[in-house]
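This report turns to the open spaces of a protein model and to the residues that line them. Please keep the sequence and the 3D view at hand while reading.

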Amino acid sequence: MDNGSLDGLFEELLETESLFKNKEVLRPAYTPENLPHRSNQINNIATVLVSALRGHTPSNVLIYGKTGTGKTAVARYVGIELERKSDHLNVQCNVLYINCEVIDTQYRLLANLAKQFGEDVPMTGWPTDQVFFRFKEAVDSRKQVIIIILDEIDKLIKKGDDVLYNLSRMNTDLKNARVSMIGISNDLKFTEFLDPRVKSSLGEEEIIFPPYDAEQISDILRQRAAIAYKENSMDDMVIPLCSAFAAQEHGDARRALDLMRVAGEIAEREKKNIIEEEHVRQAQEKIEVDRIVEVIRTLPTQSKLALYSVMLLRNNGHRNVTTGEVYNVYRQLCRNVDMDILTQRRVTDLISELDMLGILNAIVVSKGRYGRTKEIILSVPVESTKKVLLEDYRLNMLADFKPVLTAQMHL
């Protein structure tokens, strides 16, 4: 490609007037100036944390609620206000935010915390006790109250709760400083896996975030749209439709904001100067496909092989695929990539799991005297699913695999 055409690559795109004033407002990381329909939760958390401004140790807090119910935004909002007020009162108070989906091991968590206090800790290689000691020393170097927000705390607990045990007992070793934790989780049951001592210490205060209803989501969207989009760039039905879709998803405001952002991107790509209902419907489809693609990407290899078997049968003209046929192809795939062959019972279980994830639809049908079987129909787009499956290096060599199809099997 010559330079002339390279220069023009973005010209045309830049000439198109953007619909957005500030797209970042529609992303999950954004903390708004005010949070509609969350004043109770804001007050509850503030009531617990106010003791930090008096130099005392606030109780630890556990925040529960489904995705997109405002947990992170509220915790960060209260944290920002707390730091602002502490500056005003000349009280040393720091709020640290950690996302445990990203920082998901005990070592990485402690190293990250220590680094936030200027400690030079490598991200691997030291004994965990040494990292914890350095963090403790740094915290205790002056009189201060530290609030650690652990978002998606359940992801950390999957790797063990030692770090929470150590953090929850840390105040007994500190002379000058005080440390409190706020744990945020989408999973109401995650404390069942905790050591009872950690559980009682961590859950001194528990705050539940209920889902938003469609009307509340509309309020949130109106507030954000005013900052995110240029005036008169949105059809009147866009916000109600985004809200309705998100209310079906248990009142997920994050989903609604994603919908509104993606709808704007689609409208912009089509060089439209107004976002319409149709763009929201396209956005809903795109987000759903992206979500399923992400789920497929993270499946265990055995589940991917079962799914690939269904796809190969479908590509061979089988409309209603049965579990017996899937197992037959699955065994051939396993032999080809030198994977253990699971029992037919186990593969049937994997198919049920894929059904629960919405990747396929397995319906039990009666075959009369042959007994019963499951007929399997794919619920995902074939091309993008195949592409994701073949990203797995073990399945990659099966790209051109042609299964040997025997006479129809009955279960």
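Which element supplies the largest share of the lining of the second largest pocket? In this predicted model, that share comes from α10, which gives three residues.

## The second largest pocket

The second largest pocket holds about 210 Å³ of space, and 14 residues line it, with Ala225, Lys230, Asn232, Met234 and Ile239 lying nearest its centre. At least two lining residues are supplied by each of α10 and α11, the latter spanning 238-248.

Sorted by class, the lining of the second largest pocket consists of six nonpolar, two polar and six charged residues.

## The largest pocket

For the largest pocket, the computed volume is about 1300 Å³. Its lining is made up of 44 residues, and those closest to the centre are Thr67, Gly68, Glu152, Asp252 and Arg254. Two or more lining residues come from each of the helices α4 (71-89), α7 (153-157), α10 (214-228), α12 (253-269) and α13 (277-297), as well as from the strands β2 (93-99) and β4 (178-185).

Among these elements, α12 provides the largest share of the lining of the largest pocket, namely seven residues. In terms of class, the lining of the largest pocket comprises 19 charged, 15 nonpolar and ten polar residues.

## An element found in both linings

The helix α10 gives two or more residues to the lining of the largest pocket, and α10 also contributes the largest share of the lining of the second largest pocket.

Technical notes:
Residues are numbered from 1 along each chain as its sequence is written. This is a predicted model: local features need pLDDT of at least 70, side-chain atom pairs count only at pLDDT 80 or more; totals for chains, interfaces and linings use all residues. Side-chain values use heavy atoms; hydrogens and water are left out. On a 1 Å grid over the protein atoms alone, a cavity is a set of points where a 1.4 Å probe fits but cannot get out, and a pocket is an open set with protein on both sides within 12 Å along at least five of seven lines; lining residues have an atom within 4 Å of a point. Grid points are joined across faces, edges and corners, and a volume is the space filled by probe spheres set on the points. Helices (H or I, at least four residues) and strands (E, at least two) are DSSP runs, numbered from the N terminus. Ala, Val, Leu, Ile, Met, Phe, Trp, Tyr, Cys and Pro count as nonpolar, Asp, Glu, Lys and Arg as charged, and the others, Gly among them, as polar.
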